[in-house]
Amino acid sequence: MVDYRMPHHRPPPDLSHSPIAIDSAFDDGSRTRRDPPLKRRQTSTLTLHERQLHRRLSPFLSLPVELHVEIFSHCIPPFPRFDIREGPLLIARVCYAWRSLVLSTPRLWSSFAIEIQGSGTSVSLQDMYIVSTVKLWLERSRNYPLSIRVIHVPYGRIPDERSAQLLAVLIPEARRWRHVQLIIPAANMATLQTCLPDGFPLLQTLTLQMRGLWGSEPALNISSMKIPWHQLTALDLQLEQIHMLTLDGGLDILGQAVNLLECTLNVHCSLDRRRIHGGTMLLPKLEMLHLILHGGSSNNITNATGVLTDRPEACLTQFLNLLSVPKLRVLRLGWLVPGNGSQRSWSPTHSDFIAFLRRLAPTLQTLSLTYLPMGEAELIECLSQVPQVRHLELRFSLNDRGNDPIADRFLAGCTLPSVTPSATVGKRRRVQSESCLVPLLEDISLQCHGELLTRHALLAFVDSRWLGGSGGPGMRTKLKSFHLLTMHPVSKEVEKRVRSWTIEGLDISIECLVIR
């Protein structure tokens with residue numbers, strides 16, 4: 001291994017992992033210790049030839065400083081923690097030359113991640129260390145754009161204001177925010193929204209996930225935050241239940257966010273058509289859409305403004321068909337609307353949902369449907385519209401035996417046709433079937449009750465995807481992973497085959513949830 005340390009630079013002492021030790025060791029560049037006089041006299045005796053020889057043995061030292069910084073930046077995670085085992089603190093431990101460069105490079109201190117732990121009943125030494133370290137890193141980053149992640153998932157019902165104290169330090173630097181992820185209690189964010197700046201000129205990606213068991217007062221007002229939606233390339237907006245957006249509120253945001261590549265929204269599944277102006281909304285760059293849908297019931301409902309709207313199922317399909325997403329590759333829909341959730345409530349809107357999926361057929365590669373109230377025939381028709389899907393996730397109720405859409409007919413539709421010998425020696429032909437669903441499938445994850453699945457259908461499906469994926473160039477691909485969670489126990493034969501597939505290299509698990 002090449003030794004990159006200069007002869008006249010001795011490494012700093014090994015430090016413990018305690019926060020205080022880290023802070024005292026790397027608090028700023030002005031506290032670099034001076035070498036003793038004897039050491040300085042020894043290093044001064046190095047000849048020019050010896051220095052040149054050392055540089056030839058250490059190619060890294062011959063690179064320009066700009067390349068040093070670029071290499072260091074690729075060694076740092078997108079959101080490094082305050083830990084001497086990663087990020088700029090780790091690089092600064094190698095030698096004094098590297099430490100000096102790290103301390104004088106704002107880019108290396110411009111991103112960090114903070115996870116607030118514990119109950120927060122009292123301020124701990126760790127909490128004080130986090131606040132002081134944030135201030136130090138903000139100072140070292142100077143005017144460089146910031147990438148920040150703050151995670152604070154409080155315990156119990158006792159208010160915990162520690163993340164609010166941290167935000168009070170970060171908000172004065174909000175004009176430097178570029179990539180921001182805030183997963184915090186809603187109450188802690190709402191109390192500081194009046195302190196936000198007039199704009200966020202550098203903001204590119206934003207995550208706001210409101211957590212905690214107590215609501216915010218006053219309510220968090222997204223519109224008052226003056227977020228530049230047109231600048232964003234990624235948005236994850238998950239507000240608290242009582243203040244979440246409606247579908248028409250989501251349309252208002254999407255109408256401004258023309259540069260979005262990824263979007264996650266949790267929304268109340270109601271749509272006020274009086275707020276919809278114009279026709280289809282074009283999102284030319286959107287590649288990932290994840291909707292987490294909440295609501296009151298599966299009947300006509302009244303939204304937060306007191307307006308009577310259609311059933312949630314109708315509101316969802318109306319919303320989807322207002323979108324034009326020519327580059328969408330990933331679609332995730334999570335249905336958390338309470339009520340009867342019967343398949344009869346989905347049937348009147350199914351054709352509209354099919355029309356939306358049909359438009360996605362050329363580009364959609366990942367599809368996730370969670371608890372949508374559809375039956376087996378409707379699920380099969382959905383998958384028949386998206387032949388390019390490679391990654392499939394289907395989650396349905398574990399305790400609904402009668403309405404379980406994951407049954408033998410579904411698996412038979414996903415089972416690849418068998419391979420039969422051809423009349424010509426040395427050649428083989430594949431039996432083609434228009435009913436074969438998702439022929440390019442690589443990964444599939446299923447959750448269902450499982451009683452309507454038979455051993456024969458399950459084994460035939462996995463065998464066809466695992467053994468039948470190697471032929472027919474461009475026609476089909478080999479299964480990489482299969483995961484199934486059910487309430488119905490699997491047979492000994494299935495367990496044996498699972499062990500065999502695992503040995504052969506398939507990532508597979510078939511688990512049964514047992515409630516005692």
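Select Leu-322. Leaving out residues up to four places away in sequence, Leu-322 touches Leu-251, Ile-276, Gly-279, Thr-280 and Met-281; contact means heavy atoms within 4.5 Å. Leu-322 sits in the loop between helix 11 and strand 12. Helices (H or I, at least four residues) and strands (E, at least two) are DSSP runs, numbered from the N terminus. Leu-322 is buried, with a relative accessible area of 18%. Buried means under 20% relative accessible area, exposed over 50%, and partly exposed in between (1.4 Å probe, protein chains only). Leu-322 and Phe-356 are 34 residues apart in sequence, yet 9.3 Å apart in space, C-alpha to C-alpha.

This is a predicted model: local features need pLDDT of at least 70, side-chain atom pairs count only at pLDDT 80 or more, and totals for chains, interfaces and linings use all residues. Residues are numbered from 1 along each chain as its sequence is written, and side-chain values use heavy atoms, with hydrogens and water left out.

**Asn-321**

Select Asn-321. Asn-321 also belongs to the loop between helix 11 and strand 12 (323-324). Is Asn-321 buried or partly exposed? At 23% relative accessibility, Asn-321 counts as partly exposed. Show its contacts, setting aside neighbours within four places in sequence: Thr-280, Asp-352, Ala-355, Phe-356 and Arg-359. Draw a distance from Asn-321 to Ala-355. The C-alpha atoms are 7.9 Å apart, and the two residues are 34 apart in sequence.

**Helices 10 and 11**

Colour helix 10 (residues 247-256) and helix 11 (residues 312-320). These two helices pack at an angle of about 15°, with their axes 10 Å apart. Axes are lines fitted to C-alpha atoms, for helices over the stretch in contact, and angles run from 0 to 180 degrees between N-to-C directions. Helix 10 is therefore roughly parallel to helix 11. Angles under 35 degrees count as roughly parallel, over 145 as roughly antiparallel, 65 to 115 as roughly perpendicular and the rest as oblique.

The crossing of helix 10 and helix 11 is right-handed. A crossing is right-handed if the near helix is turned clockwise from the far one by less than a right angle, and left-handed if anticlockwise.

Show side chains. Leu-247, Leu-251 and Leu-254 of helix 10 meet Cys-315, Leu-316 and Phe-319 of helix 11. The residues of this contact divide into six nonpolar, no polar and no charged. Ala, Val, Leu, Ile, Met, Phe, Trp, Tyr, Cys and Pro count as nonpolar, Asp, Glu, Lys and Arg as charged, and the others, Gly among them, as polar. Leu-251 is also one of the residues touched by Leu-322.

**Helices 7 and 8**

Move to helix 7 (residues 125-141) and helix 8 (residues 162-170). Their packing angle is about 15°, and their axes are 10 Å apart. Helix 7 and helix 8 are therefore roughly parallel to each other. The crossing of helix 7 and helix 8 is right-handed. From helix 7, the contact uses Asp-127, Ile-130, Val-131, Val-134, Lys-135 and Leu-138; from helix 8, Arg-162, Leu-166, Val-169 and Leu-170. How many residues of the contact of helix 7 with helix 8 are charged? Three are charged, seven are nonpolar and none is polar.

**Aromatic pairs**

Show the aromatic rings. The structure holds eight aromatic pairs. Rings of Phe, Tyr and Trp (its six-membered ring) pair if their centres lie within 6.5 Å; planes under 30 degrees apart count as stacked, over 60 as edge-to-face and the rest as tilted.

Zoom in on Phe-82 and Phe-112. This pair is tilted, at 5.6 Å centre to centre and 35° between the planes. Phe-82 lies in the loop between helix 4 (65-74) and helix 5 (87-91) and Phe-112 in strand 1 (residues 111-116), so the pair ties together parts 30 residues apart in sequence. Both Phe-82 and Phe-112 are buried.

**Two positive phi angles**

Select Lys-226, in the loop between strand 4 (205-211) and strand 5 (234-238). Lys-226 has a positive phi of about 55° although it is not a glycine. At 48% relative accessibility, Lys-226 counts as partly exposed.

Finish at Val-438, in the loop between strand 17 (428-430) and strand 18 (443-447). Val-438 is not a glycine, but has a positive phi of about 35°. Val-438 is buried, with a relative accessible area of 1%.
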